[in-house]
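Hi,

Here is the structure I promised to pass on. Have a look at it first, and my notes follow below.

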Amino acid sequence: MAGPGKCFLVTGPPGVGKTTLIMRVFETLKASNPNLKVQGFYTREIRQGSERVGFEVVTLDGRRGPLASTTISSPESLRWPNVGKYRVDIASFESLALPELQVREDTDLFIIDEVGKMEMYSSSFFPAVLKVLESNIPVLASVPIPKFGRDIPGVARLKNHPGATMFTLSTSNRDAVKDQIYSILVDSLSKQ
């Protein structure tokens with residue numbers, strides 16, 4: 001079993017390319033090691049023309065569903081929590097994300113994009129993330145940059161996790177950070 005030091009957190013301002021970086025690392029790992037068992041999900045913007053109207057959650061095997069939207073208006077959605085102008089569809093998020101966070105014997109890596117405010121509205125999400133961390137299976141996750149200097153509580157716990165390493169992205173260091181995370185992961189995966 002792998003020891004601590006296996007939680008790699010990517011942060012940076014909105015739009016800097018956290019998801020893109022994580023997906024590039026994932027694709028490069030899969031290309032060099034096709035039998036790698038990776039579980040998890042990423043979030044993607046939904047756009048109408050040039051306007052962002054929501055986010056969807058996408059599993060690594062390509063299943064997708066709504067995470068948050070400005071355009072859904074149903075009787076149920078009026079009860080959904082708001083983050084800014086978005087309504088968060090917790091049931092949709094949980095149905096896709098939670099099964100992906102089940103720890104299995106043969107999992108090599110977890111990808112969690114992101115551990116953010118919308119996802120935290122699911123009361124089952126953060127406990128599942130903590131179980132993943134306790135499993136000692138390597139985790140590559142993104143976290144939002146603190147607003148007004150304060151992290152949301154779950155993110156603070158992740159950053160303070162004994163095995164956590166933080167990478168702060170900027171437009172100038174993106175490629176270097178991607179290569180760095182890739183080589184650390186290849187190294188830790190070969191030691192498992």
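**What I found**

S122 sits in the loop between α3 (117–120) and α4 (125–134); helices (H or I, at least four residues) and strands (E, at least two) are DSSP runs, numbered from the N terminus. Before going further: this is a predicted model, where local features need pLDDT of at least 70, side-chain atom pairs count only at pLDDT 80 or more, and totals for chains, interfaces and linings use all residues. Residues are numbered from 1 along each chain as its sequence is written, and side-chain values use heavy atoms, with hydrogens and water left out.

S122 counts as buried because its relative accessibility is 3% (buried is under 20% relative accessible area, exposed over 50%, partly exposed in between, with a 1.4 Å probe and protein chains only). Its side chain makes a polar contact of 2.5 Å with the side chain of E94. A polar contact here is a pair of N or O atoms within 3.5 Å; within protein, one must be able to donate a hydrogen and the other to accept it, and residues adjacent in sequence count only if both atoms are side-chain atoms. Leaving out residues up to four places away in sequence, S122 touches I90, F93 and E94, contact meaning heavy atoms within 4.5 Å.

F93 leads on to the aromatics. Rings of Phe, Tyr and Trp (its six-membered ring) pair if their centres lie within 6.5 Å; planes under 30 degrees apart are stacked, over 60 edge-to-face, and the rest tilted. By this rule there are 4 aromatic pairs. One of them is F41 with F93, edge-to-face at 5.5 Å centre to centre and 80° between the planes. That pair links distant parts of the chain, with F41 in strand β2 (residues 38–48) and F93 in helix α2 (residues 90–100), 52 residues apart. Both F41 and F93 are buried. The rings of F93 and F125 have centres 5.4 Å apart and planes at 70°, so this pair is edge-to-face too. It joins helix α2 to helix α4 across 32 residues. F125 has 0% relative accessibility and therefore counts as buried. F41, F93 and F125 form one aromatic cluster.

Now the sheet. It is open, with 9 strands in the order β5-β6-β4-β3-β2-β7-β8-β1-β9 and mixed pairing; two strands pair if DSSP finds at least two bridges between them. β5 (82–83) and β9 (164–168) are the edge strands, each pairing on one side only. α2 packs on the sheet, touching β2, β3, β4, β6 (86–88) and β7, and its direction makes about 135° with that of β4. Axes are lines fitted to C-alpha atoms, for helices over the stretch in contact, and angles run from 0 to 180 degrees between N-to-C directions. α4 lies across β1, β2, β7 and β8, at about 150° to β7.

How many residues of β1 are buried? The count is 5 of 5, with C7, L9 and T11 on one side and F8 and V10 on the other. β1 runs parallel to β8, joined by 4 bridges, and also pairs in the parallel sense with β9 over 5 bridges. C7 stands opposite V139 in β8 and opposite A164 in β9.

Cheers
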